[in-house]
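Try each task before you read its solution.

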Amino acid sequence: MNEKMLALGNNRSIIRELFEFSKKQKAILGEDKVYDFSLGNPSVPPHKALNEELINLLQTKPDPYLHGYTSAQGDNEVRKRIAKNLNDRFNTNYEFTDFYMTCGAAASLCITFKALTEKPTDEIFAIAPYFTEYKVFVESAGATFKLVPADLKDFQINFNELERMINKNTKAIIVNSPNNPTGVIYSKESLLKLANLLNEKAKEYNHPIYIICDEPYREIAYDNLEVPHIPNLYKDTVICYSYSKSLSLPGDRIGYILVPKACAESKDLYAACLGAGRALGYVCAPSLFQHVIELCADLTSDMNEYAKNRDLLYKGLTKIGYECVYPQGAFYLFVKALEPDANKFMEKAKKYNLIVVPSDNFGVTGYVRLAYCVSSSTIINSMEAFKKLYKEYNK
Ligand code: PLP
């Protein structure tokens, strides 16, 4: 057995464990008596037009068009349609040959990490708080994962630490905005500062330092806030995208990698993605859902539902007295735990049937993450429990 894989398999993620705990509690107490904020599973259904296109495809298109293999990197017409969507929105010149269709962001990231790194000394950075699986994916590519400590002031990028940490082995930095778990969108100012720093460091070490832009929440931004298109600010950027959240299709496993032609060594990098996809067995993303994307590339699910939930939860909790990071996007609220140990706080919350995820898993102590992709009634009904929990600490 591979000991590392054995350990990974035996140590389930805390999020999965909490989700299982909540399922058990719901079976005992009833669905509506447990307030489960653990999992980022979209609560808003796919757009009605998406389901209609899917049914229409199934009824009208022959096989192997629907269920057969596409080329390893994905169907040409699908990739052309995605390129057009991005070009129309971001004033870019992407071509279909810049895209590699994948089984969601997880596959996009695994392929990109493997394509970009070669030796155990090669480093990929993430910025805390971060999506825990990055570490698993980077290490399984055989590279070194490095975490840039959080900027606790506003959860933008901690430039002092980042500048100190970059060295000759730094290959790439992952940027996740809107961010899981804080809901923060990195401002254009932060990203321009990042671009300047990476340009300087790339010159100093005489090799490109890529941004790997993990953006499954790109379409979930509130208050008309702009999510800057990073390749327009820093040319050595690769995008790892997923339709899991924007089209509510997490179980259908569909996304892409975009290697823009402008990025350094783009031809080789794209070819290395093809190679990594092949080596990992990630060729030919699900054909049926590639065709769904071709027809629905301009759609999103109804993001107003998440905006309403954001307001309900943020206003409700801050009114009670909780300190929360104001979410600008995604569907997560980062709440300061009422004691320094977020794990102990999570255990106390469980007593009131509140299921929240301690922040230690995201590389920061003293917070919990609440996924508010739930029904609004769950949020409304949970408020009494949050009040009781607060009172326990403020007797
Ligand atoms: N990246 C981030 C920040 C996520 O939150 C998730 C899933 O929740 C993923 C990547 C993986 O997404 P996918 O379901 O498309 O593999």
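**Exercise 1.** Find the helix that holds Leu-192, and decide how exposed Leu-192 is.

*Solution.* Keep in mind that this is a predicted model. Start with the secondary structure: Leu-192 sits in helix α8, which spans residues 188–205. Next, take the relative accessible area of Leu-192, which is 39%. Finally, look along the chain: Leu-233 is 41 residues apart from Leu-192, and their C-alpha atoms are separated by 6.4 Å.

**Exercise 2.** Work out how many disulfides the structure has.

*Solution.* Searching the whole structure gives zero disulfides. Cys-273 shows this well: its nearest cysteine sulfur belongs to Cys-240 and is 7.9 Å away, and Cys-273 is in no disulfide. The cut-off for a pair of sulfur atoms is 2.5 Å. Now try Cys-373: the closest cysteine sulfur, in Cys-324, is 16 Å from its own, too far for a bond. As for burial, Cys-273 has 0% relative accessibility and counts as buried, and Cys-373 is buried with a relative accessible area of 5%.

**Exercise 3.** Describe the largest cavity and the classes of residue that line it.

*Solution.* First, count: the whole structure has one cavity of 30 Å³ or more. Then size it: the volume of the largest cavity is about 40 Å³. Its lining includes Ile-127, Phe-131, Tyr-134, Asn-176 and Tyr-186. Sorting the lining by class gives eight nonpolar residues, three polar ones and no charged ones.

Conventions. Residues are numbered from 1 along each chain as its sequence is written. This is a predicted model: local features need pLDDT of at least 70, side-chain atom pairs count only at pLDDT 80 or more; totals for chains, interfaces and linings use all residues. Side-chain values use heavy atoms; hydrogens and water are left out. Buried means under 20% relative accessible area, exposed over 50%, partly exposed in between (1.4 Å probe, protein chains only). On a 1 Å grid over the protein atoms alone, a cavity is a set of points where a 1.4 Å probe fits but cannot get out, and a pocket is an open set with protein on both sides within 12 Å along at least five of seven lines; lining residues have an atom within 4 Å of a point. Grid points are joined across faces, edges and corners, and a volume is the space filled by probe spheres set on the points. Ala, Val, Leu, Ile, Met, Phe, Trp, Tyr, Cys and Pro count as nonpolar, Asp, Glu, Lys and Arg as charged, and the others, Gly among them, as polar. Helices (H or I, at least four residues) and strands (E, at least two) are DSSP runs, numbered from the N terminus.
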